[in-house]
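This report describes selected features of one structural model.

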Amino acid sequence: MDFGFTEDQEALRKSAREVLGDKSTAADFRRIMATDDAFDESLWKTVGELGWLGVAIPEADGGLGLGWVEQSILLEETGRAILPAPYLSAVALAVPVLLAADKGGIRDALLAALAAGETRVTLAAIEEEGRWDAPSLQTTAEKSGDGWRISGAKVFVPDAHVAHELIVLARTGAGTTLFAVPASEARITQLATLDASRRLCEVVLDGVVVGADRVLGAKGEGWSVLQRALDRAAVAFAAEETGIAQQVLDMTVDYARQREQFGKPIGSFQANSHKLSEMLLLTESARSSTYYAAWALDEGTPDAPLAAASARVAGIEAGRYATAEGIQIHGGIGFTWEHDLHLYFKRAKWDELYLGDGTVWRERVASLLAG
Amino acid sequence: MDFRDTPAEGAFRKEVREWFEANVPTGVSREITDEPGQIDALREWQRTLHAAGWAGLSWPKEYGGRGASLIEQVIFSQEFARAKAPPMLNVIGIGMAGPTIIAHGTEAQKQRHLDKILSGDEIWCQGFSEPGAGSDLASLRTTAITDGDSFVVNGQKVWTTLGHLADWCILLVRTDPTAPKHAGITYLLVDMHTPGVEVRPLRQMTGQAEFNETFFTDVRVPRENVIGEINDGWRVAMTTLLHERGTLGFALATQAEMMLRDAVDMAKRVQRNGKPAFEDPVVRQKLAQAHVEISALRLNNYRALTSVMRTGVPGPEGSLGKLLWSESGKRLLEAVMEIAGPAGLVSSGAEHAVDGGRWQYLHLRSRAYSIEAGTSEILRNIIAERVLGLPKHK
């Protein structure tokens, strides 16, 4: 029994932290989030060159051939640094769907191009209601010659405005199917988003025709592929939230040690120190839950889906509590635009609400407990 | 990273599990109560464990233990809880007094006491807390004054588990009232049958008298019953508390898992709005939350164990274990009582009680989880000051 990291994994974390400390500072975040599309070509190039996009993609598909533990390590670090790049959508949403789909054809080509940093891919699954399920799906794909004609509106698609390819879930007859759709074929509108570094978009597909070669996985199996991918997505999000929570904890402990009121550091007041202890407990629990679930997914253990759902819940709790109480303990200054805390608060909120919130994932835990 | 047992660990787990399957006595309550016959049954169980070599698993072989590794101790704790076995009656002897004597005692003390601890022939209790010294244990006031080759002990201890059954007591006394409070304490071994020792049951809100008050009036204790040096008792006590907390967390985490399984099972049986309670979305939310917390408890323990195995030093995760166990346990039992509804109000033995009133008992008992063995408030202070490095609150 060993719940520790290997030397290679520690080295991966260390080097990621160094690079991010240099290239993904709060100043970089503010600069990038204020641009038209919150995208910095040079930063993205760095991410690609470091192999961070392909860390969990098999070597045969152009990746580093490592696993979800390594991917989680990178996401914990990019969470800490609130990396302002379309990284989460690539590795937490697109990659898991592509990995879960049957091998061959466009799936393989997309994985390789994604891993190399050449093609940016995002997932266009949820619609107006924001629900992650098959019954609410209204986007349809009908046979059109050898290909498919896709019509519908995907809402809340992360980073679609800078994507080259969209993975679209559409209703095909009685079932659902996943398609790779060139982003240029869709009408994409950026939506002003709480986390301005990670923009959600509306994606309208108005009778877009794609060839049969653009079906991902088996026809009619779209939702079940997505469901499997959601386990990995859940853990990826939890890893990012762990990083966010840890960074806010570190910042707030520092502040509480230095800031004095009534002649004492405010960290000596138990109302504050007890919250910080609670913050540590939730962060450590999120960390433990995340890495166990990542390992379980890599090993394919029977409890992997339950572990993934538990990690998601733990991550949400840690992110919420840390960012909320982090602001509280900082007092007035924590509420300012100038202070970086709101950037973390908003990213944690994005992570909480985008993939199905705590209620949704607790329900998933309960259904898996029912056995 | 690997959560599977190694072949050797798997073999050990199988051995332990099969032994428990064959030997756990049925019909013996898992909670220490004053039901007639229960104590005799527990003494018998202790003897059975000892005869099979399971008592004092972590003790060095030269003192009658198995010298089990940390991971073996963890496996044993987990399987003990999984088997829902009755507790080891001499848990304080085996978990606290014994290791203290092994680490700090003289040869004569080891010869005199260790064997009888393992066999359960002598049951031990712990005399630490006082009415005026709970969280602030170092302010204890039970005195021990030298008189010839003895100490004369006067004072009062409280929350003495098994005081009414105990033969011996590990007692913290003040031997130097002029020294700073941590520096004037001595660790004594006291024969509970000595004249002047009086044990009175302390009834808890559960209705049971699991604990006692113990009064010491001019109790004579031979000088050779000092563990370590006179006035060095605080250091001795701290090393035993640390030692004890090690694998206890795994047993508690496994117990919590078993309790949650039982709670899910209960929710499937109990009706709510014409359907099994487990189909109610709010019930599902609460039980799912409990699962997330209880599995985090186990996983945090594993990280702490790995840390100790790699570095010899427990990481921050260790301090968090007791805090999470106590708070998540209370929450789960509150949720279970809600599921039970009015039936949850019906006590043990009466018609319409849920699961024989077990949940009501556990819910009441759980109010002490966040108080005993370190209150949640003290633990948060410890975490804040020693783990996060925040300035002291004083």
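## The second largest pocket

Helix 7 of chain B gives the most to the lining of the second largest pocket, contributing 6 residues. The model is a predicted one. In it, the second largest pocket has a volume of about 840 Å³. Its lining is made up of 32 residues, and those closest to its centre are A:D303, B:E257, B:R261, B:H291 and B:R298.

Both chains take part in this lining. From chain A, helix 8 (270–299), helix 9 (304–330) and helix 11 (358–369) each supply at least two residues, as do helix 1 (7–23), helix 3 (70–82), helix 6 (233–269) and helix 7 (281–311) from chain B. By residue class, the lining divides into 15 nonpolar, 7 polar and 10 charged residues.

## Helix 9 of chain A

Helix 9 of chain A, one of the elements that line the pocket, has 27 residues, which at 1.5 Å a residue should span 39 Å. The C-alpha atoms at its ends are 38 Å apart, in agreement with that expectation.

This helix is mostly covered, with 21 of its 27 residues buried. A:G331 follows helix 9 of chain A and has a positive phi, near 70 degrees.

A:D231 lies in helix 7 (residues 222–258) of chain A. Its relative accessible area is 8%, so A:D231 is buried, the cut-off being under 20%. Apart from neighbours within four places in sequence, A:D231 is in contact with A:L297, A:P305, A:A308 and A:R364.

A:S285 belongs to helix 8 of chain A. Because its relative accessibility is 7%, A:S285 also counts as buried. Setting aside neighbours within four places in sequence, A:S285 is in contact with A:A314 and, in chain B, with B:A296, B:N300 and B:L324.

## An exposed proline in chain B

B:P195 is located in the loop between strand 5 (185–191) and strand 6 (197–202) of chain B. With a relative accessible area of 68%, B:P195 is exposed, as the cut-off for that class is over 50%.

Beyond its neighbours within four places in sequence, B:P195 is in contact with B:T217, B:D218 and B:V219. B:P195 and B:G56 are separated by 139 residues in sequence and by 30 Å in space, C-alpha to C-alpha.

How values were computed: Residues numbered from 1 in each chain as written. Chains lettered and ligands numbered in written order. Predicted model: local features only at pLDDT ≥ 70, side-chain atom pairs only at ≥ 80, totals over all residues. Heavy atoms only, no water. 1 Å grid on protein atoms, 1.4 Å probe; cavity = no way out; pocket = protein on both sides within 12 Å on 5 of 7 lines; lining within 4 Å. Points joined across faces, edges and corners; volume = space filled by probe spheres on them. Helix = DSSP H or I, 4+ residues; strand = E, 2+ residues; numbered from the N terminus. Nonpolar A, V, L, I, M, F, W, Y, C, P; charged D, E, K, R; others polar. Buried < 20%, exposed > 50% of the residue type's maximum accessible area, 1.4 Å probe, protein only. Contact = heavy atoms within 4.5 Å. Expected span 1.5 Å × (residues − 1).
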